[in-house]
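Please walk me through this structure in plain terms. I have not seen it before and would like to know how to read it.

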Amino acid sequence: MAGFFKNLMDNAGKATQSAIEKSKELAEITKLNMDSGAAEDSIKQAKQRIGEYVAENNLLSEVSEIHTLLETIRNQKARIVENNAKIAAIKAGGVAAEAVQEATKPDVEKDSSEESTSNDKV
């Protein structure tokens, strides 16, 4: 019977030691994964800064793909400026704001509102 308990204790000790080793491995893997994630974030930030530098200085515009992307950036910047002007007009006054909203409504909405008004009259 003493041999049984000794064997049980040995097996429990081995299992505990194995669990400790596995925990250490998992901790090291987690640490390495976190470090790799931080390195990937650093790479993304560097690429973003490079892209911003290229765009701001209009570099590599002879490359068709970059030329297209630079054109997209210019168009989107113009869109932002236009939206900011509309926002300023809306904030400037209520009547002007309603005119801006009416002028910027899609034609579909205007057509359906005109149809419902004409249907109401019938």
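Of the 122 residues of the chain, 2% count as buried, where buried means under 20% relative accessible area, exposed means over 50%, and partly exposed lies in between (1.4 Å probe, protein chains only). The accessible surface of the chain is about 10,500 Å², and carbon and sulfur atoms account for 58% of that surface. Such areas come from the Shrake-Rupley method with a 1.4 Å probe, and for residues only the protein chains shown count as cover.

This is a predicted model, in which local features need pLDDT of at least 70, side-chain atom pairs count only at pLDDT 80 or more, and totals for chains, interfaces and linings use all residues. Residues are numbered from 1 along each chain as its sequence is written, and side-chain values use heavy atoms, with hydrogens and water left out.

The chain has four helices and zero strands, so its elements run α-α-α-α from the N terminus on. Helices (H or I, at least four residues) and strands (E, at least two) are DSSP runs, numbered from the N terminus.

How far can the model be trusted along the chain? The guide is pLDDT, the predictor's confidence in each residue, from 0 to 100. Its mean over the chain is 82, and 75% of the residues reach 70 or more. Confidence is highest in helix 2, at a mean of 94, and lowest in helix 4 (residues 107-121), at a mean of 48. Over residues 109-122 pLDDT stays under 50. For that stretch the model has three contacts beyond four places in sequence, a contact being heavy atoms within 4.5 Å. Where pLDDT is low, the predicted coordinates should not be read in detail.The next part to look at is the loop between helix 1 (2-56) and helix 2 (64-92), where Leu59 is found. Most residues other than glycine have a negative phi, and most peptide bonds are trans. Asn58, which is not a glycine, has a positive phi near 50°. Leu60 is not a glycine either, and its phi is positive at about 60°. Asn58 counts as partly exposed, at 39% relative accessibility. Leu59 is also partly exposed, with a relative accessible area of 33%, and for Leu60 the value is 40%, again partly exposed.

Leu59 and Leu60 belong to a nonpolar patch on the surface, together with Tyr53 and Val63. The accessible area of these four residues together is about 340 Å². Patches are made of residues with over 30% relative accessible area and no salt bridge; like charges are joined within 9 Å, and nonpolar side chains (Val, Leu, Ile, Met, Phe, Trp, Tyr) within 5 Å.

Which residues does His67 touch, not counting residues up to four places away in sequence? They are Ser61 and Arg74. His67 itself is in helix 2 and counts as partly exposed, at 38% relative accessibility. The C-alpha atoms of His67 and Ala55 are 9.6 Å apart, while the two residues are separated by 12 residues along the chain.

Side chains of opposite charge can pair when their charged atoms come close. A salt bridge is a side-chain nitrogen of Lys or Arg within 4 Å of a carboxyl oxygen of Asp or Glu, and a search of the whole structure finds three salt bridges.

One of them joins Arg74 to Glu71, with 3.1 Å between the closest N and O atoms. Arg74 and Glu71 are three residues apart in helix 2, which means that about one helical turn separates them. Arg74 is partly exposed, with a relative accessible area of 37%, and Glu71 counts as partly exposed at 33%.

Another salt bridge links the side chains of Lys86 and Glu82, at 3.4 Å from N to O. Lys86 and Glu82 are four residues apart in helix 2, so they too are separated by about one helical turn. Lys86 is partly exposed at 29% relative accessibility, and Glu82 is partly exposed at 46%.

In helix 1, the side chains of Glu25 and Lys22 meet in a salt bridge of 3.7 Å, N to O. Because Glu25 and Lys22 are three residues apart in that helix, about one helical turn lies between them. Glu25 is partly exposed, with a relative accessible area of 42%, and Lys22 is partly exposed, at 47%.
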